[in-house]
Amino acid sequence: MNDTFLQACRGEKTDYTPIWIMRQAGRYLPQYQKVRGNVTFLELCKTPELCVEVTLQPIDYLGVDAAILFSDILIPLEAMGTTLEFHEGRGPVFPNPITNQADLDKLIIPDPNEHTAFVMETIRLLRQELQVPLIGFAGAPFTCATYLIEGGSSKVFWETKKMMYTCPELFHAMMDKITRTTTLYLQAQAKAGAQALQIFDSWAGVLAPCDFETYALPYVTQIIADLQDSGLPIIYFANNGATLLEMSESTGADVLGLDWRINIGDAVKRLGRTAVQGNLDPFSLLLPKDELKKRIGNIINDARDAHGHIFNLGHGIHQFTPPEQAKAAVEYVHELSCK
Ligand code: 1CP
């Protein structure tokens, strides 16, 4: 069993820097496209045998040091009683966005073992197959809320901020419901066999620091406090969150995910004993191999004083990335960090 990733999460010394790649199972891999050719994305997410297959694809091909459950942050939101659709080329759509208290009252706090049994089954099956640790995950409440309020992806988050500023009670009530759902969902993943848990706050960076503190931070902090009993390392990734670093650390997360907009060494200097994960720009995978290798070496060197470093991209791998560039990146991380 390779548990270098878990050692780094705990801030222990490792023989080399472990790496996994955000969104490592997905559209850039022809193996994934083949599976996806026969089913819709939601069918894939709800079929444990297929989820196992696509989770394992990058482990075998890339040689990464951790697996991440194949699912989506929107799955537990559908379990709350919303309608979720994926439109080809447009992404996720919630045709009935939450606009008022009556909409919110219709949402339930689902029993994860009943309403998302397929996720727990995928985790149990994966644990029988894997030789590397398995990361479970969920979206952070703020990021989840944006999809429910906007009715899908957004660029400016008009409806979300409108609700925050003009109907704060409704916004907070909604965050509370998502928070309770997320805590139960992650606790169930831990019980099913996940060995680390990552909370994705993909849109945290659209908030002013004072708004992050009021509208997002307390809910992530609550979830992490309620997960302490699981004993698992918790990774919090606030995308575009360089200005939110100290507040992100205050959540009590064991590891902070970093995007590429900050120098990883500067981030380490601002943190206490929290481990870091990141932070190569996903588009750097397009660089010629010698330049890619140099960048990877710089990140490893800049992170040398970290209390645990897990190499990763600063955000998800782009769907048109040549897979062999990702494979080369994994090899370079292992080679350059080997002590
Ligand atoms: O067409 C397809 O096959 C669907 C593409 C796809 C995939 C492969 C989506 C749609 N989700 C996923 C899987 C997924 N999503 C994983 C597991 C794969 C892995 O990491 O190996 C994970 C961890 C996620 C998490 C996720 N989903 C996030 C957080 C991470 C991030 O990238 O910021 C977010 C924001 C989503 C929402 C989502 N899922 C899919 C789309 C197109 C979107 C919308 C993104 C947006 O609003 O811009």
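Author: Gladly! This is a predicted model, and a search of the whole structure finds 7 aromatic pairs.

Reader: Why is the pair of phenylalanine 41 and phenylalanine 86 called edge-to-face?

Author: The ring centres of phenylalanine 41 and phenylalanine 86 are 4.7 Å apart, and the limit for a pair is 6.5 Å. Their planes stand at 75°, and planes over 60 degrees apart count as edge-to-face. The pair is therefore edge-to-face.

Reader: What makes this pair a tie between parts that are apart in sequence?

Author: Phenylalanine 41 belongs to helix 3 (residues 41-45), while phenylalanine 86 belongs to strand 2 (residues 85-87), so the pair ties together parts 45 residues apart in sequence.

Reader: Which side chain does arginine 36 contact, and what makes that a polar contact?

Author: Arginine 36, which lies in helix 2 (residues 30-36), has a side chain in polar contact with the side chain of glutamate 88 at 3.1 Å. The cut-off for such a pair of N or O atoms is 3.5 Å, so the 3.1 Å between arginine 36 and glutamate 88 qualifies. A polar atom of the arginine 36 side chain also lies 3.1 Å from the backbone oxygen of valine 39.

Reader: How do you know that arginine 36 reaches the ligand as well?

Author: A polar atom of its side chain lies 2.7 Å from an oxygen atom of the ligand, and the limit is again 3.5 Å. Tyrosine 147 places a polar side-chain atom 2.5 Å from a ligand oxygen, and serine 202 also has one 2.5 Å from an oxygen atom of the ligand. Taken alone the ligand exposes 900 Å², of which the protein buries 89%.

Reader: Where does the ligand sit, and how many residues surround it?

Author: The ligand sits in the largest pocket. Around the ligand are 23 residues, and the closest are Tyr32, Asp72, Tyr147, Ser153 and Ser202. By class, the shell divides into 13 nonpolar, 6 polar and 4 charged residues.

Reader: What is the phi of phenylalanine 157?

Author: Phenylalanine 157 has a positive phi of about 60°, although it is not a glycine. Phenylalanine 157 lies in the loop between helix 9 (141-150) and helix 10 (158-166).

Reader: And which residues does a cis peptide bond join?

Author: Glycine 278 and asparagine 279, with omega about -5°. Asparagine 279 is in strand 8 (residues 275-280).

Terms used. Residues are numbered from 1 along each chain as its sequence is written. This is a predicted model: local features need pLDDT of at least 70, side-chain atom pairs count only at pLDDT 80 or more; totals for chains, interfaces and linings use all residues. Side-chain values use heavy atoms; hydrogens and water are left out. A residue is near a molecule or strand if one of its heavy atoms lies within 4 Å of it. A polar contact is a pair of N or O atoms within 3.5 Å; within protein, one must be able to donate a hydrogen and the other to accept it, and residues adjacent in sequence count only if both atoms are side-chain atoms. Accessible areas come from the Shrake-Rupley method with a 1.4 Å probe; for residues, only the protein chains shown count as cover. On a 1 Å grid over the protein atoms alone, a cavity is a set of points where a 1.4 Å probe fits but cannot get out, and a pocket is an open set with protein on both sides within 12 Å along at least five of seven lines; lining residues have an atom within 4 Å of a point. A molecule sits in a cavity or pocket if more than half of its atoms lie within 2 Å of its grid points. Ala, Val, Leu, Ile, Met, Phe, Trp, Tyr, Cys and Pro count as nonpolar, Asp, Glu, Lys and Arg as charged, and the others, Gly among them, as polar. Rings of Phe, Tyr and Trp (its six-membered ring) pair if their centres lie within 6.5 Å; planes under 30 degrees apart count as stacked, over 60 as edge-to-face and the rest as tilted. Helices (H or I, at least four residues) and strands (E, at least two) are DSSP runs, numbered from the N terminus.
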